[in-house]
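Work through the exercises below with the sequence and the model open. Try each task before reading its solution.

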Amino acid sequence: MFKPSIVIDIDETLISNKLYDINLIHNWFNSDPENFNIILDNNPELKNIDIQTMKVVPEPDKLYLTHFIFDNNLYIIMMRPFLKEFILSVNTYFNVYVYSLGTFSYIKYITEAIIKLIGFNPFICIMSNPDSDIREYIKKISKLDLDFSNILIIDDRIDVWVSDSHRLYQISKYSQPYVYNPNYRRKFELSEFLNQTNSNQNPKSSTDPASTDPASTDPASTEPTPTEQIQPKYLLSSDTELKKLILALNAYFCKYPNQIFNIYIFRSIIREIEED
Ligand SMILES: [Mg+2]
């Protein structure tokens with residue numbers, strides 16, 4: 001059967017990762033167990049770690065995909081909602097390619113977990129950077145052996161697709177809030193983290209009139225709670241992005257089966273879904 005090709009990114013498109021410096025986890029655990037428990041409360045994926053082996057026992061029904069140790073970091077990989085349904089759907093309509101700027105070993109962990117999740121290997125080709133220091137920082141369709149005229153690219157970044165961005169559907173980023181991310185050098189001091197946690201746990205003062213009148217139309221009463229404020233907004237809409245793409249693909253291929261893929265029509269179908 002005639003099939004167009006789809007080229008899909010990994011990081012912040014299909015999955016998000018959290019990484020924790022192993023030495024830091026040990027330090028936290030050994031130096032201050034009480035505060036470590038607060039950190040665990042706010043990073044539930046760390047809760048099920050065997051501190052000696054760094055093995056994670058996943059909780060069922062959560063978005064946990066896999067974990068591994070790489071470059072002395074513990075990586076915990078969370079899948080985007082509807083990941084399995086999305087891969088099954090694109091596999092119906094497309095020849096499926098993965099294209100990531102992540103290193104070979106890192107991407108292998110993730111693609112193997114996706115293959116295990118869906119029960120077969122849907123990927124014709126998995127393109128990544130080598131594990132060596134020689135890396136590419138842009139993506140080119142010409143690196144893949146596929147029909148140039150008939151491609152859809154799904155990626156959260158447009159800047160890496162220098163000459164192929166017209167074939168791209170740019171998906172919103174899927175990421176998790178961090179307590180600590182050594183790679184981005186965003187080192188929360190423990191005290192800073194605890195302050196943030198405490199302020200989020202303090203309810204509004206009961207002497208505030210807006211908080212005592214449930215029918216109040218005072219704008220202050222509609223302000224987001226502190227918990228909502230610390231959630232980046234894109235996390236909410238990004239949770240349904242893959243479902244939206246599945247709906248759009250079904251609608252598109254119902255109407256235009258066996259034709260050269262037209263990204264402009266596809267984008268217009270997505271806009272229609274967003275407006276509904
Ligand atoms: Mg990405």
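**Exercise 1: The whole chain**

Of the contacts in the protein with a separation of 6 or more, 68% are between residues 24 or more positions apart. The model is a predicted one.

Task: State how many helices and strands the protein has, and what share of its residues count as buried.

Solution. 
- Step 1. The protein has ten helices and twelve strands.
- Step 2. A residue is buried if 20 or more other C-beta atoms lie within 10 Å of its own. Of the 276 residues, 23% count as buried.

**Exercise 2: Helix H4**

Task: Describe the span of H4, list its buried residues, and find what these residues pack against.

Solution. 
- Step 1. Helix H4 covers residues 104-118, which is 15 residues. From first C-alpha to last, H4 reaches 21 Å, close to the 21 Å expected at 1.5 Å a residue.
- Step 2. The buried residues of H4 are Tyr106, Ile107, Ile110 and Ile114. They are on the same side of H4, because they cover an arc of only 90 degrees around the axis.
- Step 3. The packing partners of these buried residues are the strands S2 (15-21), S5 (64-70), S6 (73-79), S7 (95-103) and S8 (123-129), together with helix H3 (83-93).
- Step 4. After H4 comes Gly119, and its phi is positive, near 95 degrees.

**Exercise 3: The sheet of three strands**

Task: Give the strand order of the open sheet of three strands, and say which strands stand at its edges.

Solution. 
- Step 1. The order is S2-S6-S5, and the pairing is antiparallel.
- Step 2. S2 and S5 stand at the edges; each has a single partner strand, so one side of each is left without a neighbour in the sheet.
- Step 3. On average, neighbouring strands of this sheet are turned by 20 degrees against each other, direction ignored.
- Step 4. S5 and S6 run antiparallel and are joined by six bridges. Ile69 stands opposite Leu74 in S6.
- Step 5. H4 packs on this sheet and touches S2, S5 and S6. The direction of H4 makes about 155 degrees with that of S5.

**Exercise 4: The sheet of five strands**

Task: Is the pairing in the open sheet of five strands parallel or antiparallel, and which are its edge strands?

Solution. 
- Step 1. Strands of a sheet pair through backbone hydrogen bonds, in either a parallel or an antiparallel manner.
- Step 2. Here the order is S8-S7-S1-S9-S10, with parallel pairing.
- Step 3. S8 and strand S10 (168-170) are the edge strands, as each pairs on one side only.
- Step 4. From one strand to the next, the twist averages 20 degrees.
- Step 5. Strand S1 (residues 5-8) runs parallel to S7, and four bridges join them. Ser5 stands opposite Asn95 in S7.
- Step 6. H4 packs on this sheet too, touching S7 and S8. The direction of H4 makes about 135 degrees with that of S7.

Conventions:
Residues are numbered from 1 along each chain as its sequence is written. This is a predicted model: local features need pLDDT of at least 70, side-chain atom pairs count only at pLDDT 80 or more; totals for chains, interfaces and linings use all residues. Helices (H or I, at least four residues) and strands (E, at least two) are DSSP runs, numbered from the N terminus. The expected span of a helix is 1.5 Å times one less than its number of residues. A residue is buried if 20 or more other C-beta atoms lie within 10 Å of its own, exposed if 12 or fewer, and partly exposed in between; C-beta atoms are placed from the backbone. The arc is that of the directions from the helix axis to the C-beta atoms. Two residues are in contact if their C-beta atoms, placed from the backbone, lie within 7 Å. Two strands pair if DSSP finds at least two bridges between them. Axes are lines fitted to C-alpha atoms, for helices over the stretch in contact, and angles run from 0 to 180 degrees between N-to-C directions.
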